[in-house]
Amino acid sequence: MKTEELLNLIKMKTVEGVVPHNIEGIQMDSRLVQPGDIFVCIAGYTVDGHEFALDAVNRGASLIIVENEISQVPDNVCVVRVKDSAKVLARFAHHLHGYPAAKLSTIGVTGTNGKTTVSHLIHELLEKAGQQSAVAGTLGFRSADDWRSTRNTTSDVLTNLKMLKRAVESGCSAMIFETSSQGLVNGRMWGVDMDIAVFTNLSHDHLDFHKSMESYGHAKGLLFSQLGQDVGKAKFAVLNQDDSWSTLFSQMTPFETISYGLSEEADFQASGIRYTEQGTEFQLLSPEGIFAVKTAFIGKFNVYNVLAAIAALYAYGLEIEAILAHLPEVYPVEGRMEKLASSDGPTVYIDYAHTPDAIEKAIDSLLPFKKGRLIILIAGGNYRDQLKRPIMAQKASIADYVIITTNNPGQEPSREILEAFEKGMLHSRYTLMAERAEAVRHAIRIAEKEDIVLLTDKGHETTLLVGDRYLPYNEKEIVLEQLNFQTMNKEQVN
């Protein structure tokens, strides 16, 4: 692409050096630069791209985008100084790649809890209805013919563009994004013109980053303001009627709101809910009438997740009957209330719950099936949102026995992590165990056949950050090994 065409996209700039005739690509990581690329210097929280400008030049970058002065770059190299290099990155990159988001229906899902499950439900139900789609989030990027990991829940601008292009090339009609608060604040979704924005809920989390609930809520609301102002387009905000933040989010967009929840005011309301260990059934009151709903997802919080997905797909254009016909065929994703059991051991659930609200909801979903004890494992680490730890312990105190351990402790001393949780305990039936794998084994060893073991804060993740190293770790494998070990021991005794 002609360099002049790109440079004409921005008004406020200072150009120095020799302007190259053409541009081949664009990068924000100097290690990925190829000859003829633009290198954009982004000043991040931990790394400043300006420090790698010379490395990018040595790798063949023909144009450098900067906010600040840089040294050691040859005088003949074109350096363009701008006010906000991240915004220029988004503008240039989408133009270079031909605006792939405009060729798809785009759905963004945000909220403290439930983003992964709602995104999964939307994706799976679209696929089963014959609408090929792609989804990107905590579990990576997935389409009908591709599944690969991603670094963050919400990827950076360039990674999002690569995923969008893959979705278009594989014939997808829609793409679903999990949109985290950090991702929205950091502009990772810039350039993606959303068609449907979905809000799940908002509760205590990430206050180490946002500092206050008001700031956190504002960050989530960015998704709805980014629906834009062109009311000539059909766009929708899908909001949780039972969460008070929905009122503000509705005011942040001119587009039609579709609500869901358990209250009578909701456009999509669940009533007559019946919970079982195999799933949930309820009556759906909708704009198109009343329908019977059956799903493999358990717990009240998953009723909300199912309603959010139904409302989003209704906004997308699917018939409610078509959505519900396939709903029983969709199962929870790995690490989201994933049930593991053996004939002689306890029932074990692995769940990603890592906030006070998520822990409370996970416990509430299991209490109706409790026959023996409820044993829960809670954890945290690496200095992440330390304020929520005692609150998580308070919520976990509903259980009969609590095991406090670590998850991704990183550089934070294990003793500090455990003591922070311990301050919130409401009873003395708990233990502190720094090593997570041993804590998991302990939870299963002490459990009887009628007991339920709930392991939180790890879910699908397959690594453990210890010090500055990510070590292989698979919670599901540890659980199955311990269950099988105990079964074999019982058989030998008998």
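What is the mean pLDDT of the chain, and what share of its residues reach 70 or more? The mean is 90, and 96% of the residues reach 70 or more, where pLDDT is the predictor's confidence in each residue, from 0 to 100. This is a predicted model, so local features need pLDDT of at least 70, side-chain atom pairs count only at pLDDT 80 or more, and totals for chains, interfaces and linings use all residues. Residues are numbered from 1 along each chain as its sequence is written, and side-chain values use heavy atoms, with hydrogens and water left out. Among the elements of the chain, strand 21 has the highest mean pLDDT (97) and helix 7 (residues 207-210) the lowest (57). Elements here are DSSP runs numbered from the N terminus: helices are H or I with at least four residues, strands are E with at least two.

Inside the order, strand 12 (residues 236-240) and strand 13 (residues 256-261) pair in the parallel sense over five bridges, and Phe 236 has Glu 256 of strand 13 as its bridge partner.

Now for the helices that go with this sheet. Contact means heavy atoms within 4.5 Å, while axes are lines fitted to C-alpha atoms (for helices over the stretch in contact) and angles run from 0 to 180 degrees between N-to-C directions.

Helix 5 (residues 157-169) also packs with helix 3 (residues 85-96), at an angle of about 20° and with the axes 10 Å apart. The two are therefore roughly parallel, a label for angles under 35 degrees; over 145 counts as roughly antiparallel, 65 to 115 as roughly perpendicular and the rest as oblique. Leu 89, Ala 90, Ala 93 and His 94 of helix 3 meet Val 157, Leu 158 and Leu 161 of helix 5. By class, this contact has six nonpolar, one polar and no charged residues (Ala, Val, Leu, Ile, Met, Phe, Trp, Tyr, Cys and Pro count as nonpolar, Asp, Glu, Lys and Arg as charged, and the others, Gly among them, as polar).

Further along comes another open sheet, with six strands in the order 17-18-22-19-20-21 and mixed pairing. Strand 17 (338-341) and strand 21 (430-432) stand at the edges with a single partner strand each, so one side of each is left without a neighbour in the sheet. Strand 19 (residues 374-380) runs parallel to strand 22 (residues 452-455), joined by four bridges; Leu 377 has Leu 455 as its bridge partner in strand 22.

Helix 12 (residues 356-366) lies across strand 18, strand 19 and strand 22, at about 165° to strand 19. Helix 13 (residues 389-396) lies across strand 19 and strand 20, at about 175° to strand 19. These helices pack at about 10°, with their axes 8 Å apart, which makes helix 12 roughly parallel to helix 13.

Technical notes
Pairing = 2+ DSSP bridges.
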